[in-house]
Amino acid sequence: QTVDTSTAATESKTPRNVDIEADTMEILDEQKKAIFKGNVKAKRGDVTLNAELLTVTYEEQPDPKNKDEKKTEVTLLDAEGSVVIVTAKQTVTGKTAHMDVKANKLWVKGGAKVVQGKTVMNGEQLFVDLKTNKSEMTGGRVKGSFVPGQ
Amino acid sequence: MSSRIDAIPQGSRRRRPLRAARRARLAPYVSGAFGLIAVGVLLAFLYQTGAFTTKPKPVEEAVVPADHVTVSTSTITGLDSQQRPYSISAKTAIQDKDEPKFIKLNDVSGATNRKNGEAITFQSQKGLYNSDVKTLDLDTEVVIQSKDRFTARMDKAHVVVGEKRLTSDVPVQVQLSNGTINANGVQITNDGNNILFLNGVKAHFGSSKSQGDSTP
């Protein structure tokens with residue numbers, strides 16, 4: 001079963017500031033991780049993510065523009081605990097969400113649910129390829145209820 | 001009986017009165033010169049004894065409060081738990097005589113290194129160093145800088161210098177190369193590798209595409 005994720009895909013390609021609020025944040029420099037814990041709200045453009053815990057994995061590379069500086073690039077995002085992703089058109093919920101930022105792929109697991117207007121889809125796992133706009137709800141019995149537009 | 005003059009040859013008998021007349025004319029000058037020399041020597045002697053130098057105002061006895069010892073431009077150095085050197089400098093340091101382990105510092109700056117050699121520097125207006133346990137309480141305009149990583153500003157911080165551990169429970173603002181973090185407390189441990197921001201965190205990261213988002 002496919003889900004329309006075009007807005008999320010466009011959003012992810014547009015350069016945007018990222019704002020994250022949480023109760024605590026811990027940077028583990030050796031492991032190149034930043035862990036946000038407690039009432040996590042992350043916002044990037046029109047996409048917001050709420051969760052109990054968000055782990056950002058990053059890598060550091062020499063900055064091509066300034067060789068003395070290091071450029072930090074996020075590679076992975078892992079959210080856990082009451083994950084809610086809201087885009088302009090849909091709301092996606094699940095127990096966990098994992099995003100491969102470089103590959104532009106997103107997995108939501110643990111009772112994934114997508115609500116778009118009156119259309120609701122449930123399944124075990126939602127996979128979205130933000131590059132190709134392809135998405136897939138899999139696992140167990142996928143249920144969907146579609147209300148045709150009036 | 002011949003007199004002694006007859007014994008002097010005729011030529012010199014004529015020159016002698018001339019010479020005597022000349023000497024008579026020079027005598028006042030010579031005696032004046034000797035007088036001047038004598039005065040000069042006397043003056044030199046008096047000068048040498050300090051008769052003419054204006055007496056310097058008596059240096060006010062530096063009244064050091066009985067209970068303090070003040071040192072200016074002082075530096076405390078040591079080795080941390082990884083045998084890496086650290087230093088703490090201050091414009092003035094006042095040691096409390098009753099509690100000599102406490103040293104009040106003004107205009108504090110210090111430096112230490114992470115295992116990978118990166119420098120961590122800190123500065124503040126005031127500080128209190130405990131030489132027993134080697135801790136430093138920084139106060140007022142505290143700035144912690146970890147080279148190429150971040151600059152953190154806060155108003156108070158407690159530093160265990162030998163272990164490179166810093167804790168603060170007041171608002172902290174951190175400037176990263178590509179963003180900022182504001183929190184209400186921070187703990188830096190594990191050689192500067194673990195940085196925990198507490199009591200409500202707001203992180204902002206510069207514009208990022210999902211291809212290479214920029215986060216700390």
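The following legends describe close-up views of a predicted model.

In this predicted model, local features need pLDDT of at least 70 and side-chain atom pairs count only at pLDDT 80 or more, while totals for chains, interfaces and linings use all residues. Residues are numbered from 1 along each chain as its sequence is written, chains are lettered from A and ligands numbered from 1 in the order in which they are written, and side-chain values use heavy atoms, without hydrogens and water.

**View 1. A nonpolar surface patch on chain B.** Patch residues have over 30% relative accessible area and no salt bridge, and nonpolar side chains are joined within 5 Å. A salt bridge is a side-chain nitrogen of Lys or Arg within 4 Å of a carboxyl oxygen of Asp or Glu. B:Tyr29 lies in helix 1 (residues 10-48) of chain B; helices are DSSP runs (H or I) of at least four residues, and strands (E) of at least two, numbered from the N terminus. B:Tyr29 counts as exposed because its relative accessibility is 62%, and exposed means over 50%.

**View 2. The hairpin of strands 3 and 4 of chain B.** Strand 3 (residues 102-113) and strand 4 (residues 119-130) pair in the antiparallel sense over eleven bridges; pairing requires at least two DSSP bridges. B:Thr112 stands opposite B:Ile120. Five residues separate the strands, and B:Gly117 has a positive phi near 95°.

**View 3. The hairpin of strands 4 and 5 of chain B.** Nine bridges join strand 4 to strand 5 (residues 135-146) in the antiparallel sense, with B:Gly127 opposite B:Leu138. Four residues lie between the strands, and B:Lys134 in the turn has a positive phi of about 60°.

Technical notes
Patch = residues over 30% accessible without salt bridge, like charges linked within 9 Å, V, L, I, M, F, W, Y side chains within 5 Å. Areas by Shrake-Rupley, 256 points an atom, 1.4 Å probe, with all protein chains shown as cover. Buried < 20%, exposed > 50% of the residue type's maximum accessible area, 1.4 Å probe, protein only.
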